[in-house]
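Subject: Structure for you to look at, with notes

Dear colleague,

I am passing on the structure below, together with notes on what was found in it. Please read the notes with the model open beside them.

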Amino acid sequence: MDVDTLWKELEQHRTITPGLRQHIIRLYSRRGKLALEAIDEGRIKKYLDFFVVTGTSGEYVVDEGFCTCRDFIFRGGRCWHLLAVDIARVTGSYQRIDLWYQDVWAGENAHYKQYLSFEIE
Ligand SMILES: [Zn+2]
């Protein structure tokens, strides 16, 4: 299965079947594994404004192909958070939270806010 077929299948089934899990891991290797783990553990949250992924060292905001993690910002590559949100979005595998994440941001997360406002404005 190639990447295009995988995404078509995910959209069609709207669920991550055991077969599709295997394909995700084969096609995306480490990123795929980490994305599936986060989905399994309910670490993808959809706030009213942003998707938020809880990773090993904090929460990352994912929006329109942008992520606030170090991998994304400093290595310019696609990180597993983006992949996790893409999978969660097409399959509905996320927790819906009826709050604005911008209102939830605490002072300790101020540096994320800085990255985001830089990107969005
Ligand atoms: Zn990321």
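The model holds an open sheet of 5 strands in the order E4-E3-E2-E1-E5, with mixed pairing, where strands are DSSP runs of E of at least two residues and helices are DSSP runs of H or I of at least four, numbered from the N terminus, and where two strands pair if DSSP finds at least two bridges between them. The edge strands are E4 (66-67) and E5 (95-96), each of which pairs on one side only.

Before the details, two remarks on the basis of these notes. This is a predicted model, in which local features need pLDDT of at least 70 and side-chain atom pairs count only at pLDDT 80 or more, while totals for chains, interfaces and linings use all residues. Residues are numbered from 1 along each chain as its sequence is written.

Within the sheet, E2 and E3 run antiparallel and are joined by 5 bridges, with Val53 standing opposite Tyr60 in E3, and the two strands form a hairpin with 2 residues between them. Strand E3 (residues 58-63) also pairs with E4 in the antiparallel sense, over 2 bridges, and there Asp63 has Phe66 of E4 as its bridge partner. The hairpin of E3 and E4 likewise has 2 residues between its strands; Glu64, which lies in that loop, has a positive phi of about 50 degrees although it is not a glycine.

Helix H4 (residues 80-91) lies across E1 (44-46), E2 (51-55), E3 and E4, and runs at about 125 degrees to E2; axes are lines fitted to C-alpha atoms, for helices over the stretch in contact, and angles run from 0 to 180 degrees between N-to-C directions. The buried residues of H4 are Trp80, His81, Leu82, Leu83, Ala84, Val85, Ile87 and Ala88, and what covers them includes helix H1 (3-13), helix H2 (18-40), E1, E2, E3 and E4. Gly92, with a positive phi near 70 degrees, follows H4.

Phe51 and Val85 are 34 residues apart in sequence, yet 7.1 Å apart in space from C-alpha to C-alpha. Phe51 counts as buried because it has 23 C-beta neighbours inside 10 Å.

As for the other two helices, H1 and H2 pack at an angle of about 145 degrees with their axes 11 Å apart. Their contact is made by Val3, Leu6, Glu9 and Leu10 of H1 and by Leu20, His23, Ile24 and Leu27 of H2. One further backbone detail belongs to H2, in which Ser29 is found: Ser29 has a positive phi of about 40 degrees although it is not a glycine, and it is exposed, with 10 other C-beta atoms within 10 Å.

Key: Contact = placed C-beta atoms within 7 Å. Buried ≥ 20, exposed ≤ 12 C-beta atoms within 10 Å, placed from the backbone.
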